[in-house]
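This report goes through a two-chain model, from the interface to single residues. The sequence and structure come first.

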Amino acid sequence: MSDPVSDSFLDALAATRTSDGGFGPRAGLPSEPESTALAALALDDQEARAWLAAHQRADGSLARSLGSVTNEASTALAALALDGDAGRGAANAIAATRAGHLESSSALPFDDDLRGWPWTAGAFGWVEPTAWAVLALRVVLPGTTDAIEEGVGMLRDRECVGGGWNYGNRIVLDEELPPFGQPTAMAMLALQAFEDDEVWRRGMAALRGLWRQEAAGGLTLAVATAALRVNHDYDATACAAALADNFDRTRFLGDIVALAWAAIATGTGLGRLMINDP
Amino acid sequence: MSHPVDRRTFLRRSAIAVLGVTAAGLGAANYVQRRRVPWDRDAFGPLGEARVAVVRATSYSHGLEETVLDGLRAVGADVGGARVLLKPNLVEYDPGTTINTDPRLVAATVAAMRRLGAAEVIVAEGPGHRRDTQYVLTATGLSSALADVDAAFVDLNTDAVTARRLRSHYTKLGSLWLPRSVVEADVVVSMPKMKTHHWAGVTLSLKNLFGCVPGRIYGWPKNALHLAGLEPAILDVAAAIRPALAIVDGIVGMEGNGPISGTPVASGVLIFGNDPVAADVVAARSMNVDPERVPYLMEAGRFLGQADLEQIRMEGEDPGQEATDFALLPTFAHLRVGSSAEPAPLPEAPG
């Protein structure tokens, strides 16, 4: 049975497809890997998958390069979106890469053995791309335990004091930095099925507070709804209602990534982000 | 009113000599010695006279539009018929401090630009820490402030992008994706918050331009720029965008552990410039920071804008006389005007 809220997200998303079968970050913009991978998940869409497969490099990754900067972070989302060998190829590319090394210091204390994954090749590891990578590996290549453990360890290490995550700095120059809703939700997607873990419990508690504080943000609400649902949390229904209300009022300001996450969070696409390992 | 700035607090050194001395003590400034002229000569003309106005302003509520209008006129802002892009500093939201350019100043500037004849005024930013721009826009009050003046906002993190080959070469970036809204604007106005910065010393209109670089490619935070070298990246990004105007929000600035975790400081000034380098040099002086000790500012003065006070036509207040001591982290104590402190080694900046 179709759900009218989910259908409104799906219909709005489907209407933004570009002529090459992919999806851009805003309606009318050229297709890009991240928005196309999320749309493929949300819509269970073969055209979007074909776009992703056509843009995979020989090592399975998807990249956007210019000058000395290469962004490969969306490879993890493509791994989740693609089927069969294409998806495993993307996941293998993730397992084979890590963020660059930055030495821990008194100004920036962290475990520098746990690199995680970066936004751009060779850069420092951050919470969001690391959460994507952990989720993709746990779903697509659960046997890559070393990589998964490193990613989970990195997320534990960067947890904000008291619980939750921001973009990835826990303490800078003796200042404890606060958590944000959206990266906290991303981390909780990656850490699903860790219910016996203190980090998981603190993260869920933080998320329940943060999505309410940050309910003005469609992307935050969308990812939070997805995280609450996959973790079977009682707050998922309330968060989804806030998400629908935000969309009715703002259309998420035209952000296709937020719209795709909303469609995933409230639709059947979320099933592909579920972790079934014990 | 025009008058010369008191130059006693500035060391009379050529830019290259300054950089040689400073770089010897500052590991972070080593980039300036790698290449004698790290920019394409045909891309940057001779530096002309810059105009900067320091205007007393103690409130965001009373007569701000008139104040902005006066400041823009004082520096000869010519925006008639132009498509103007205002680039405020909007990084993340913390109700306890003053991270961002005040929305009331942004709205007042929209109105002032229209009165000066701008054909179109848009406000654009790509927040550097928060991916959820809609949240930051709303929480900071910028969304409602812009609605009050019927101004459009463009999220530079999701805007269409254009590849731009760099004409300066302080980093190895080579090229940058830049938002089409920025590239197509006739006049880009950098509108930073006046803040100290825990990796760069001060963050003003040049550093503010990091927000033009799209996060969906360079990440949140825009760590690829830090990896390229923070100060070199400030120079290359600023040289790629080359804003025509700067308006520095120092009505309430941030001192100490900026740009996020610092403390509000009521410095009571707005600084206008028709040259972002000149505006930043004067703004730094208004913070009681010696701009000649900020390597990236002095390097920018070689090709991008005017850092020589003799070439800066000052309007309004004397920044030296009106300066407010912005508290500096110990690693940047040497930046204080008249300080004898030695530069301290800086940790690597992750973002």
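How many residues of chain A are in contact with chain B, and how many of chain B with chain A? The contact joins 38 residues of chain A to 35 residues of chain B, two residues being in contact if their C-beta atoms, placed from the backbone, lie within 7 Å.

## Basis of the model

This is a predicted model, in which local features need pLDDT of at least 70, side-chain atom pairs count only at pLDDT 80 or more, and totals for chains, interfaces and linings use all residues. Residues are numbered from 1 along each chain as its sequence is written, while chains are lettered from A and ligands numbered from 1 in the order in which they are written.

## The A–B interface

On the side of chain A that touches chain B, β1 (64–66), β2 (69–71) and α10 (218–230) each supply at least two residues. The largest share, 3 residues, comes from α10(A). Helices (H or I, at least four residues) and strands (E, at least two) are DSSP runs, numbered from the N terminus.

By class, this side of chain A has 19 nonpolar, 11 polar and 8 charged residues. Ala, Val, Leu, Ile, Met, Phe, Trp, Tyr, Cys and Pro count as nonpolar, Asp, Glu, Lys and Arg as charged, and the others, Gly among them, as polar.

## Helices α2 and α12 of chain A

The axes of α2(A) (residues 33–43) and α12(A) (residues 256–266) come within 8 Å and cross at roughly 20 degrees. Axes are lines fitted to C-alpha atoms, for helices over the stretch in contact, and angles run from 0 to 180 degrees between N-to-C directions. Residues of α2(A) in this contact include A:Leu38 and A:Leu41, and those of α12(A) include A:Ala260 and A:Trp261. The contact has 10 nonpolar, 1 polar and 1 charged residues.

A:Ala40, in helix α2 of chain A, counts as buried because it has 29 C-beta neighbours inside 10 Å. A residue is buried if 20 or more other C-beta atoms lie within 10 Å of its own, exposed if 12 or fewer, and partly exposed in between, with C-beta atoms placed from the backbone. Beyond four places in sequence, contacts of A:Ala40 include A:Ala48, A:Leu52 and A:Ala81.

## Nonpolar core

The largest nonpolar core has 216 residues, and α12(A) gives the most to this core, with 10 residues. Such a core is a set of buried Ala, Val, Leu, Ile, Met, Phe, Trp, Tyr and Cys residues joined through C-beta atoms within 7 Å. Among the residues with the most contacts inside it are A:Ala260, A:Trp261 and B:Val52. B:Val52 touches, among others, B:Val75, B:Ile271 and B:Met314.

## Chain B

Chain B has 12 helices and 13 strands, and buried residues make up 63% of its 351 residues. B:Leu178, in strand β6 (residues 175–179), is buried, with 21 C-beta neighbours inside 10 Å. B:Leu178 and B:Thr162 are 16 residues apart in sequence and 5.3 Å apart in space, C-alpha to C-alpha.

## Backbone exceptions

Most residues other than glycine have a negative phi, and most peptide bonds are trans. Cis peptide bonds join B:Trp220 to B:Pro221, with omega about -5 degrees, and B:Gly258 to B:Pro259, with omega about 15 degrees.

Phi is positive in A:Leu173, near 50 degrees, and in A:Phe252, about 55 degrees. A:Leu173 is partly exposed, with 16 other C-beta atoms within 10 Å, whereas A:Phe252 is buried, with 26.
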